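Please open the structure below in your viewer and keep the selection tool at hand. The stops that follow say what to select and what is found there.

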Amino acid sequence: MPVTEAEVEFQAKNLKQVIDEDWAYMAEKDGEVVGAALTLPDINQVMAGMNGRLLPFGWLRFLVGRRKIDQLRVFALGVKHAYRHSGVAAGLYLKHLETAARPGAITGGEMGWILETNGPMNRAMEGMGGIVVKRYRIFERSLQGS
């Protein structure tokens, strides 16, 4: 689904504290954005030790602990339909792998909420060494005349 401008602004505002510019990519062709990828540090590695408490010292634990985060979560990756088989997604995947390969950077990550029917994304994830651990499906049934 195309992302609206309002959704982008909402997410940007909420993610401002954890976003790392090395993990936000946009693919353009002739000035038009044709694909984008946003990956976030897995702050759950730090949050787990805070027991859900920001006060009195949880915020300090978070600030100190975030330097130790070595896992990622692919938050969003999308390519406009007309460019899906043009290598744009592969370029975004490659950029992720290059960034993750930097010394002392990342030891692992997660790509979540990929529908079972999204074959290209699942194949790409498996091609990068990923393993499907959960399956997500959408079922549809009409409520009229049931």
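Helices and strands here are DSSP runs, numbered from the N terminus; a helix has at least four residues and a strand at least two. The model you are looking at is predicted.

**Stop 1: a loop**

Select Asp-42, which sits in the loop between E2 and helix H2 (44–47). Does Asp-42 count as buried or exposed? Asp-42 is buried, yet it has no salt bridge. Its nearest side chain of opposite charge belongs to Arg-73, 5.5 Å away. A salt bridge needs a side-chain nitrogen of Lys or Arg within 4 Å of a carboxyl oxygen of Asp or Glu. Now show the surroundings of Asp-42: with residues up to four places away in sequence left out, it touches Ile-69, Gln-71, Leu-72 and Arg-73.

**Stop 2: the largest nonpolar core**

Select Tyr-25, Val-34, Val-79, Tyr-83, Val-88, Leu-92 and Tyr-93. Within the largest nonpolar core, which has 15 residues, these touch the most other members. At least two residues of this core come from each of strand E1 (24–29), strand E2 (32–41), strand E3 (71–79), helix H4 (88–100) and helix H5 (119–127). H4 contributes the most, with four residues.

Stay on Tyr-83. Not counting residues up to four places away in sequence, Tyr-83 touches Lys-29, Glu-32, Val-34 and Val-88.

**Stop 3**

Select Phe-62, in helix H3 (residues 58–65). Phe-62 has a relative accessible area of 15%, so it is buried; the cut-off for buried is under 20%.

Which residues is Phe-62 in contact with, leaving aside neighbours within four places in sequence? They are Val-18, Ile-43, Val-46, Met-47 and Met-50. Take Val-18 as an example: Val-18 and Phe-62 are 44 residues apart in sequence, and their C-alpha atoms are 11 Å apart in space.

**Stop 4: helix H5**

Select H5 and pick out Gly-119, Met-121, Asn-122, Ala-124 and Met-125, which are buried. The buried residues of H5 pack against E3, H4 and strand E4 (108–111). After H5 comes Gly-129, which has a positive phi, near 95°.

**Stop 5: a surface patch**

Finally, select Leu-54, Leu-55, Phe-57, Trp-59, Leu-60, Leu-63 and Val-64. Together they form a nonpolar patch on the surface, with about 710 Å² of accessible area. Leu-54 is in the loop between H2 and H3. Its relative accessible area is 52%, so Leu-54 is exposed.

Note on methods:
Residues numbered from 1 in each chain as written. Predicted model: local features only at pLDDT ≥ 70, side-chain atom pairs only at ≥ 80, totals over all residues. Heavy atoms only, no water. Core = buried A, V, L, I, M, F, W, Y, C linked by side-chain atoms within 4.5 Å. Buried < 20%, exposed > 50% of the residue type's maximum accessible area, 1.4 Å probe, protein only. Contact = heavy atoms within 4.5 Å. Lys, Arg positive; Asp, Glu negative; His and termini not counted. Patch = residues over 30% accessible without salt bridge, like charges linked within 9 Å, V, L, I, M, F, W, Y side chains within 5 Å. Areas by Shrake-Rupley, 256 points an atom, 1.4 Å probe, with all protein chains shown as cover.
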